[in-house]
Amino acid sequence: MAQGTAVKHKKKTKSVLKNIRQTERRAAVNRMNRTRVRSAIRRMRSALSSGDTAGAEKLASPTFSELDKAIRKRTLSENTANRYKSRLTLALNSLKAKKA
């Protein structure tokens with residue numbers, strides 16, 4: 001762009017300002033939900049990697065519940081959440097098999 005040319009800006013009407021506020025609010029909610037899910041997954045993965053079978057079993061239900069909530073709130077797609085649940089379950093079952 002040549003120096004000195006005018007740049008077009010969208011006029012900040014009431015509806016544009018409201019859309020900005022809505023977007024910021026939705027982004028904050030989605031970030032909060034995504035953070036909660038990722039933290040739960042991280043806790044379960046750390047229990048699995050440390051070899052703590054009892055701890056991982058105890059964390060499985062709350063973690064899967066958080067994933068299901070993320071599906072309901074449309075933070076995660078259903079396929080993504082189901083993939084996470086499947087991989088965590090496989091890791092838990094292999095850890096149980098190793099202990100037995």
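At what angle do helix H2 and helix H3 pack, and how far apart are their axes? In this predicted model, where local features need pLDDT of at least 70, side-chain atom pairs count only at pLDDT 80 or more, and totals for chains, interfaces and linings use all residues, the angle between H2 (residues 53-72) and H3 (residues 78-99) is about 170° and the axes lie 10 Å apart. That makes H2 roughly antiparallel to H3, a label given to angles over 145 degrees. Axes here are lines fitted to C-alpha atoms, for helices over the stretch in contact, with angles running from 0 to 180 degrees between N-to-C directions. Residues are numbered from 1 along each chain as its sequence is written, and side-chain values use heavy atoms, leaving out hydrogens and water.

A closer look at the pairing shows who meets whom. From H2, the residues in contact (heavy atoms within 4.5 Å) include Ala56, Ala60, Phe64, Leu67 and Ile71; from H3, they include Ala81, Tyr84, Leu88, Leu92 and Leu95. By class, the contact of H2 with H3 comprises 10 nonpolar (Ala, Val, Leu, Ile, Met, Phe, Trp, Tyr, Cys and Pro), 4 polar (the others, Gly among them) and 6 charged (Asp, Glu, Lys and Arg) residues.

Turning to the whole chain, the protein has 3 helices and 0 strands, where helices are DSSP runs of H or I with at least four residues and strands are runs of E with at least two, numbered from the N terminus. The pattern along the sequence is α-α-α. With a radius of gyration of 21 Å, well over the 13 Å that the globule rule gives for 100 residues, the chain is more spread out than a compact globule; the radius is taken over C-alpha atoms, and the rule is 2.2 Å times the number of residues to the power 0.38. Along the principal axes, the C-alpha atoms fill a box of roughly 75 × 30 × 20 Å. Of the contacts with a separation of 6 or more, 59% join residues 24 or more positions apart.

Buried residues (under 20% relative accessible area, 1.4 Å probe, protein chains only) make up 24% of the 100 residues. One of interest is Glu66 in helix H2, which is buried at 16% relative accessible area. Beyond its neighbours within four places in sequence, Glu66 is in contact with Arg36, Val37 and Ala40.

Arg74 sits in the loop between H2 and H3 and is exposed (over 50%), with a relative accessible area of 75%. The phi of Arg74 is near 60°, a positive value in a residue other than glycine. Most residues other than glycine have a negative phi.

Conventions. Parallel < 35°, antiparallel > 145°, perpendicular 65-115°, else oblique.
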